[in-house]
Amino acid sequence: MKSPAPGAEMKGPPPQGIPLPLAGAPKAGPPPGMPPGGMKGPMPPGGMPPGGMKGPGGPGFPGMPFPPEPMQFRKLLRWAVMLAKSAPLPFLGSVGLAALVNALTPYSQQVLVSLTAALEGKGTADPKWMALLYAVLAVIVILLSMASKLVTTWSNEKMLVALRHLLHDRMLLLGPQFHGKVTGPQLVQIINNFSAGAQFTLREILAYPLTRGVGLVTAGIFLAGNLSAFAGIPPLARWILLALVVIIPLIGWKLSGVVGRAFEQVRAEEAAFADELGNSTAQPLEVQLMRAHAQRSRSIAERLQSVMAAKLRATLRREAAQQFQGSMSVILTTVLLIYAAFSFDKDTPVGALLGLILMVPLVVGPIQELVTFFTGLSVNWPMIRPVGEIIDAKPEIADAKDAADIAMTDATAELTGVTFGYPPAKSPVILNGVSHRFRAQAITAIVGGSGSGKSSVMRLLVRLYDPQGGQVSIGGRPLAAYTLESLRRQVVTLSQFPLMLSGSLRKNFELVKPDVSDEDILAVLRRVGVLDALTRIRPEGVLDIPVTQTAGTGTLSGGQRRLVALARALILAPRILLLDEPSTGVDVESTSRLVAVLRELSREVTIIMVEHDVDFVTAVADEVVCIDSGTFVSAGAPQALIASGGNLFARFVDARRRATSTDHLDIERVPLPAIAKVAKT
Ligand SMILES: Nc1ncnc2c1ncn2[C@@H]1O[C@H](COP(=O)(O)OP(=O)(O)OP(=O)(O)O)[C@@H](O)[C@H]1O
């Protein structure tokens, strides 16, 4: 296909490393469905076929949390408008400039036509002026085209920044239901990679029809004008010829549907291969030990064969379709030229023939590109959709209308007839009408078997979820009376695996209190008894100790991380502290220190903890609440519960004693055989 005049095409954004769902490894380049460098050709080389991926069941993206769903153009349009609004001026500027370039290009070609006619002496125009006009137009097109590319780059970058920022902030507002569905690595992929593809496609949804449409209409008008110069052509034939210009690209589009389905098959085969590979890579050593190497090898070989066969089929079809599409302009130009040659007479300017040759590609090109773009949208949909889902997602728990920033004067937490099941199903029932008053300035430990609902109680106390029945209140007020901000500032959770940012220790305290002073940090570190150990690690500056995101790596031990996290929780001066298994990973010495710290803290703070270690609970708790299958079955001081017996806590203590004692075991003491003396050789 002949290219338009210099600079007439619209370039895409800089390569963003979007995963290409096509055969082969992911390549850096424009998003799938887009030819590298923009919408130049009829078929994205190495990219998606123009027919889009319309295989049965619609496009899906292996491993993504959002199940396949047919593309919804209305949603795309809404997201596109929202995105364009984030950078209105650069967007309008880039669209305006591109439209101007696309309109001027056919116009400059038409000047060539007039110039030819003038040289023949058949037009009224002066050839010299025409030549000059062509030169001026060419320069303007080049300059505008450069400006258009720069403004488009600016617009793309602004939109991408706005989109990524929005996704990041929105993601942090979403609740456990969303985060239970989308994993951390998937979020990184959506925000980091998919957003670039989504930005590009969404922008083009608005920009492309306009910019390409302007070029199409202008070239179409000139083409019709040039056709009319052939006096012998009856009007009906002229209309049929013009209709062909539109119909032939549409035939190409239908053909590409076949290609689309072939590539859908490739994707399915690749997903199956990835699954199969996962079977081998998940536990390679287990595979070795099971002597299953040969079986794995056969399975992988079969999958690889299937992928290759599917790729070969799809590529051959794509090549055939590409050839057809690439030949369209030639076919159409030939048809028009043959017709023109037969109706050519002495009055017909040669320029009109030139006009046909020049204008056909300028008309066919935009039609092909528009068809390619819109059919290719379904290819990009699996990547755009997760981006859009985050844009549209609403926080599951939000401030009630009459919520206020209330300072808790009374830090008593209370559950009254609370019934709860996890949304969206809300079944099974996890908490079954439970009631309890957690005493202020006391330590209450919730004890129960695995899956009995302990952590669920803690989640309700910070409104990660709302119960379906009953009420959770603090200081006599339902939780919804507090803004989430004020609730979570005063009810602080220390999870079993506390979040640590990679960076300095100070940075981790600034995470929860941006204006925290060094003195305050050192004071809380001293209070939880970890300052001396940290000073030994870095005598020249404890607060600059590097911390890593992952426990078990970096400078701090697991126990130290937990104590640092406890100190960080205290920096907020909480009224209620929720501790999830605080004794885990803390050594014996630090545990007794932890007991002392928590006891001392409980003079000011209400502490509620979930804890499996009954010895720790006995040492630290004022009260134990026992939970069994979502029901509070007993409560009381630990010693009292142990003494009275017959309750869950006493049973746990008993079981623990039996588990660690060897008295009940009938161990036959067999003397070890004398170690044979090894004769010196
Ligand atoms: N997000 C969730 N969605 C659905 N069900 C959940 C969810 N979280 C927990 N559950 C279920 O709720 C029940 C209670 O879970 P919970 O985490 O409260 O138990 P737990 O007593 O803290 O257990 P463990 O001591 O093992 O941590 C379990 O059966 C669990 O499978």
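Hi everyone, let's start with a pair of helices: helix 3 and helix 5 cross in a right-handed way. Please keep in mind that this is a predicted model.

Helix 3 covers residues 127-173 and helix 5 covers residues 184-228. Their axes come within 9 Å and cross at roughly 140°. Angles over 145 degrees would count as roughly antiparallel, so at this angle helix 3 is oblique to helix 5.

Which residues make the contact between them? From helix 3 we have N156, M159, L160, L163, R164, L167, H168 and M171. Helix 5 answers with L187, I190, I191, S195, A196, A198, Q199 and R203. Sorted by class, this contact has 10 nonpolar, four polar and two charged residues.

Now let's step back to the domains. The domain assignment of the protein lists domain 1 at 71-229, domain 2 at 232-348 and domain 3 at 413-658. Between the C-alpha centres of domain 1 and domain 2 there are 26 Å. Where these two touch, domain 1 contributes four residues and domain 2 contributes five. On the domain 1 side, three of those are nonpolar, one is polar and none is charged.

Last stop, the ligand. There are 13 residues around it, and those that come nearest are Y422, S450, K454, S455 and S456. Two elements give two or more residues to this shell: helix 4, at 176-181, and helix 10, at 454-461. Which helix gives the most? That would be helix 10, with three residues. As for the make-up of the shell, eight residues are polar, four are nonpolar and one is charged.

Note on methods: Residues numbered from 1 in each chain as written. Predicted model: local features only at pLDDT ≥ 70, side-chain atom pairs only at ≥ 80, totals over all residues. Domains from an automatic or database assignment. Contact = placed C-beta atoms within 7 Å. Nonpolar A, V, L, I, M, F, W, Y, C, P; charged D, E, K, R; others polar. Near = placed C-beta within 6 Å. Helix = DSSP H or I, 4+ residues; strand = E, 2+ residues; numbered from the N terminus. Axes fitted to C-alpha atoms, helices over the stretch in contact; angles between N-to-C directions. Parallel < 35°, antiparallel > 145°, perpendicular 65-115°, else oblique. Left-handed = near helix turned anticlockwise from the far one by under 90°.
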